[in-house]
Amino acid sequence: MTSRRQFCLASATFLLAVRAGRAAPSYAVVHSDAEWRRLLTPAQYDVLRRAGTEMPWSSPLLGEHRPGRFACAGCDTAAFDAGTKFESGTGWPSFYRALPRAVQERADRSLGMDRTEVLCATCGGHLGHVFDDGPAPTGLRYCMNGVALSFHPA
């Protein structure tokens, strides 16, 4: 028979092992919270570092249609090619494909929803979410916060 002490010890050991297995990923670009606050505008900080969401239809990048690249506003890593941008009607810049190895995805069950969060693979900044209701050829809609991106014309 298992004693209460053995059960508690085994439970604590299990929880520590699970937590160790989910250690935060390391990123090539790392700053302290104070440095991020200094480097980013308040709106960029809210989205990139606190997973906030900008108001729909507020991004000037919605109307950006020139050839070029959209990069993470936190570290300037190119994340999306302008050729993959499309008008989704959602109020946020949308793309059907990310550049190879530019983003990471993880489950997001916040706000009572089951979504997939998109993070910059270089600095871990929150860019937005990806959904499976996009156009061909991928069927994906990378719904990004414009404030989390910068644009570099070709």
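**Group meeting talk: aromatic rings in a predicted model**

Hi everyone, let's begin with contacts, meaning heavy atoms within 4.5 Å: among those in the protein chain between residues at least 6 apart in sequence, 53% join residues at least 24 apart. Please keep in mind that this is a predicted model, where local features need pLDDT of at least 70, side-chain atom pairs count only at pLDDT 80 or more, and totals for chains, interfaces and linings use all residues. Residues are numbered from 1 along each chain as its sequence is written, and side-chain values use heavy atoms, leaving out hydrogens and water.

Now, the overall layout. The protein chain has 3 helices and 9 strands, taken as DSSP runs numbered from the N terminus (helices are H or I, at least four residues; strands are E, at least two). Of its 154 residues, 39% count as buried, that is, under 20% relative accessible area with a 1.4 Å probe, protein chains only.

On to the rings. How many aromatic pairs does a search of the whole structure find? There are 4, where rings of Phe, Tyr and Trp (its six-membered ring) pair if their centres lie within 6.5 Å, and planes under 30 degrees apart count as stacked, over 60 as edge-to-face and the rest as tilted. Take Phe80 and Phe95: this pair is stacked because the ring centres are 4.4 Å apart and the planes at 15°. Phe80 belongs to strand E2 (residues 78–81) and Phe95 to strand E4 (residues 94–95), so the pair ties together parts 15 residues apart in sequence. Phe80 is buried at 0% relative accessibility, and Phe95 is buried with a relative accessible area of 0%. Ring pairs also link Phe70, Phe80, Phe95, Tyr142 and Phe151 into a cluster.

Technical notes
Buried < 20%, exposed > 50% of the residue type's maximum accessible area, 1.4 Å probe, protein only.
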